[in-house]
Amino acid sequence: MTGDAFNPDCPTRQILDRIGDKWAMLILLMLAQGPRRFNDLRRRIGGISQKMLSQTLKSLERDGLVSRAVFATVPVTVEYRLTPLADGLIGLMGSITVWAEQHLGDIAAARLRYDALASASASRDLA
């Protein structure tokens, strides 16, 4: 099966939407470090709600990128890990993350320039 991401009906868009989601990306990058339990993921991924973590994990599991293992302990232990399908994706995500971290200053400067120009333009339009 081949796709065409520029076709609005292509399932490729759903995949891009999933892996482009910030929570999905952060979860996958965290799981690349090794299997994690739900509460460990929630503690380590700042700002994610319990509901969002649960929804995103279910979606990633449905897409075959994450597996869920339940262990018969008291209380029950649930562990999440990457599947082999996710392995090829992790390197790409890591590269994107490194690029973003290395260019924080450039992006911040570009935003300041843009905002200053937009503000000056709006002021001229009001005058």
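Biologist: Among contacts in the chain between residues at least 6 apart in sequence, what share joins residues at least 24 apart?

Modeller: That share is 43%, with contact meaning heavy atoms within 4.5 Å. Before we go on, this is a predicted model, where local features need pLDDT of at least 70 and side-chain atom pairs count only at pLDDT 80 or more, while totals for chains, interfaces and linings use all residues. Residues are numbered from 1 along each chain as its sequence is written, and side-chain values use heavy atoms, leaving out hydrogens and water.

Biologist: Which elements does the chain run through from the N terminus on?

Modeller: The order is α-α-β-α-α-β-β-α-α, which comes to 6 helices and 3 strands. Helices (H or I, at least four residues) and strands (E, at least two) are DSSP runs, numbered from the N terminus.

Biologist: At what angle do the axes of helix α2 and helix α4 cross?

Modeller: Two packed helices are described by the angle between their axes and the distance between the axes. Axes are lines fitted to C-alpha atoms, for helices over the stretch in contact, and angles run from 0 to 180 degrees between N-to-C directions. The axes of α2 (residues 22–31) and α4 (residues 50–62) come within 10 Å and cross at roughly 75 degrees. The two are therefore roughly perpendicular, a label for angles of 65 to 115 degrees (under 35 is roughly parallel, over 145 roughly antiparallel, the rest oblique). On the α2 side, Trp23, Ala24, Ile27 and Leu28 make the contact, and α4 supplies Met52, Leu53, Thr56, Leu57 and Leu60.

Biologist: Is arginine 37 buried, partly exposed or exposed?

Modeller: Buried means under 20% relative accessible area, exposed over 50%, and partly exposed in between (1.4 Å probe, protein chains only). Arginine 37 has 46% relative accessibility, so it counts as partly exposed. Arginine 37 lies in strand β1 (residues 36–37) and touches Thr77 and Val78, leaving aside residues up to four places away in sequence.

Biologist: Where is the cis peptide bond?

Modeller: Most peptide bonds are trans. The bond from valine 74 to proline 75 is cis, with omega near -5 degrees, and proline 75 sits in the loop between β2 (66–71) and β3 (77–82).
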